[in-house]
Amino acid sequence: MEGFVVNIRLIVLLGILANPKITWANDVQAACKKRGLPVVMLTYRDRDANLRAIEAASLGSSDLAKFLKSAYSPGPLPKSEEKIQELADLGNKKFLPESEIKTLSLEYSSHEKKISDPRGYKKALLDLANKFVTNEHNKIAWFQTLQDPLISSTVIRPADEKDLGEIYGATMRTSPSSDSHYKLEVVFSNNASEPIPYLIPLLIHELSHAQEYKEFVRTANDVKARSEFVIVDEARAFDVQMRTYVSLAQKNPEIFCDWLYATWSYGDLLIPLSWAMASMEEEMRAGRFIYDYAKRGVLKDQPYLLKPDKTALRGDLQKKITDLKLRYVK
Ligand SMILES: [Zn+2]
């Protein structure tokens, strides 16, 4: 009997070794497993490699899988983000169940004048985040009631005309106001039909940065000190973002796993949100996510964040991140 158990274990182990990509071990995949559509792992900003990976994957025979397959063949997938988003909206209307999140998001993305929150979009987003995000991640109430001698006001708002084209996703800003006070703002994109399922974890990411407002204010005029602080704070913020996403996907997998959208990060393709999140989770766990972010993201012009040979993040910064003992970012 014992020999039999050992053999079964050996067979399972060999199976795992033979198929290192096919595993449900990561949290996004585990949360989305029941949806029936396998997760395809993608490479950051590499459209061609991702197209090949998607075309080679066996996606199964669900309606969503059939829709994705038909979008990818015959002929090339359109390259314009707008066209891809149109396809995504079509799929989301067809396959996702009616829900508060879906209705609000689709209503918003079909609205032609996406500025200054005409339909109470900000309120909808905050209400949804309050409702769906667990207390551990809920930094919204804290931000909205923040009182501090340094701070004149806190604002969460959609991007307006002045921000258009500048904000992809969401951002947190500290800007000087009168009397050496600072205004704290979390601004999210409303120029590209960003769906709400995508925005809730991003909003929590920015609110996580906002909690470190004292450090952002202290380094306001020192690019190097600011960048060295920010790269470590990014690790913390991305970890919170991923924890938020996973808890949303566990609670509401039909929306947060299957939601289709046009991704920029993975090369302007039509993909379910779960693919982007699972790929990000894998990059985080492999320890290369923050290095890639420092190398290619908004901090790419700050070479002192990397080792002199540019092969890794600077040792002291990496140590600070490791010492945070985060769940996802290593
Ligand atoms: Zn950030």
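Mentor: Let's begin with Asn26, which counts as buried because its relative accessibility is 14% (buried means under 20% relative accessible area, exposed over 50%, and partly exposed in between, with a 1.4 Å probe and protein chains only). Keep in mind that this is a predicted model, where local features need pLDDT of at least 70 and side-chain atom pairs count only at pLDDT 80 or more, while totals for chains, interfaces and linings use all residues. Residues are numbered from 1 along each chain as its sequence is written, and side-chain values use heavy atoms, with hydrogens and water left out.

You'll find Asn26 in the loop between helix H1 (2–18) and helix H2 (27–32). Helices (H or I, at least four residues) and strands (E, at least two) are DSSP runs, numbered from the N terminus. If you set aside the neighbours within four places in sequence, Asn26 is in contact with Glu281, Glu282 and Arg285 (contact means heavy atoms within 4.5 Å).

Now for the largest pocket, which holds about 1200 Å³ of space. On a 1 Å grid over the protein atoms alone, a pocket is an open set of points with protein on both sides within 12 Å along at least five of seven lines, while a cavity is a set where a 1.4 Å probe fits but cannot get out; lining residues have an atom within 4 Å of a point. Points are joined across faces, edges and corners, and a volume is the space filled by probe spheres set on them.

This pocket has 42 lining residues, and Tyr168, Ala170, Phe238, Tyr293 and Val298 lie nearest its centre. Two or more lining residues come from each of strand S2 (170–176), helix H9 (196–210), helix H11 (223–251), strand S4 (260–263), helix H13 (273–285) and helix H14 (289–296). By class, the lining has 21 nonpolar, 12 polar and nine charged residues. Here Ala, Val, Leu, Ile, Met, Phe, Trp, Tyr, Cys and Pro count as nonpolar, Asp, Glu, Lys and Arg as charged, and the others, Gly among them, as polar.

H11 gives the largest share of that lining, seven residues. Of the 29 residues in H11, 22 are buried, so by the under-20% rule this helix is mostly covered. H11 reaches 40 Å from its first C-alpha to its last, close to the 42 Å expected at 1.5 Å a residue (the expected span is 1.5 Å times one less than the number of residues).

H9 and H13 turn up again at the second largest cavity, one of two cavities of 30 Å³ or more in the whole structure. About 40 Å³ of space lies in it, with Pro197, Tyr198, Pro201, Leu202, Gln241, Leu273 and Met277 as its lining. H9 supplies the largest share, four residues. That lining has six nonpolar residues, one polar and no charged ones.

Most residues other than glycine have a negative phi. Asp268, in the loop between S4 and strand S5 (269–272), has a positive phi of about 50° although it is not a glycine. Lys325 also has a positive phi of about 50°; Lys325 lies in the segment after helix H15 (315–323) and counts as exposed because its relative accessibility is 71%.

Stepping back, the protein chain has 15 helices and five strands, and buried residues make up 49% of its 330 residues.
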